[in-house]
Amino acid sequence: MSVENEPTLDPPTCSRCGREMELRAEGTETTVPLLGSEIEYRQFGCPECGQGARFERSGDDDWTRTGV
């Protein structure tokens, strides 16, 4: 199972330098004010080269990597 689809999300590995990324931010946000659904997100950053990755999920869905 790929990292993008794990129910519990471990820090991903940087695709540039191979180092484990650090959690930089996490929380929830509404997709469209008043009418939208809430999504949970986690943002990771590489301490070596600065590359970032963002993962999102709605409710009990699997984590998916989004384009940042």
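This is a predicted model: local features need pLDDT of at least 70, side-chain atom pairs count only at pLDDT 80 or more; totals for chains, interfaces and linings use all residues.
1. Let me start with the rings: going through the whole structure turns up one aromatic pair.

2. Another ring worth a look is Tyr-41. Arg-54 lies over the face of Tyr-41, 4.3 Å from the ring centre. Arg-54 itself is buried, with a relative accessible area of 12%, and this arginine comes up again below.

3. On to the charges. Side chains of opposite charge can pair when their charged atoms come close. How many salt bridges does the model have? The count comes to six. Glu-22 is partly exposed, at 39% relative accessible area.

4. Next, Glu-26 and Arg-42. They form a salt bridge in which the closest N and O atoms are 3.3 Å apart. The two residues sit in distant parts of the chain: Glu-26 in strand S1 (residues 22-30) and Arg-42 in strand S2, 16 residues apart. Glu-26 is partly exposed, with a relative accessible area of 48%. The side chains of Arg-42 and Glu-26 also show up as a polar contact of 3.3 Å.

5. While you have Arg-42 on screen, check its surroundings. Arg-42 lies in strand S2, which covers residues 38-45. Leaving out residues up to four places away in sequence, Arg-42 touches Leu-9, Leu-23, Ala-25, Glu-26, Ala-53, Arg-54, Phe-55 and Trp-63. As for Glu-56, its C-alpha atom is separated by 6.6 Å from that of Arg-42, and the two residues are 14 apart along the chain.

6. Back to Arg-54. Which residue does Glu-29 form a salt bridge with? Arg-54 is the partner, and the closest N and O atoms are 2.8 Å apart. Here too the pair links distant parts of the chain, with Glu-29 in strand S1 and Arg-54 in strand S3, 25 residues apart. Glu-29 is partly exposed, with a relative accessible area of 34%, whereas Arg-54 is buried at 12%. Glu-56 comes in as well: Glu-29, Arg-54 and Glu-56 are linked in a network of salt bridges.

7. A disulfide is a covalent bond between the sulfur atoms of two cysteines. The model has zero disulfides. Cys-14 is buried, with a relative accessible area of 4%. Cys-46 is in no disulfide either, and its nearest cysteine sulfur, in Cys-17, is 3.4 Å away. Is Cys-46 buried or exposed? Cys-46 is buried, with a relative accessible area of 2%.

Conventions. Residues are numbered from 1 along each chain as its sequence is written. Side-chain values use heavy atoms; hydrogens and water are left out. Helices (H or I, at least four residues) and strands (E, at least two) are DSSP runs, numbered from the N terminus. A polar contact is a pair of N or O atoms within 3.5 Å; within protein, one must be able to donate a hydrogen and the other to accept it, and residues adjacent in sequence count only if both atoms are side-chain atoms. Contact means heavy atoms within 4.5 Å. Rings of Phe, Tyr and Trp (its six-membered ring) pair if their centres lie within 6.5 Å; planes under 30 degrees apart count as stacked, over 60 as edge-to-face and the rest as tilted. A charge sits over a ring if NZ of Lys or CZ of Arg is within 6 Å of the ring centre and within 35 degrees of the ring normal. A salt bridge is a side-chain nitrogen of Lys or Arg within 4 Å of a carboxyl oxygen of Asp or Glu. Buried means under 20% relative accessible area, exposed over 50%, partly exposed in between (1.4 Å probe, protein chains only). A disulfide is a pair of cysteine sulfur atoms within 2.5 Å.
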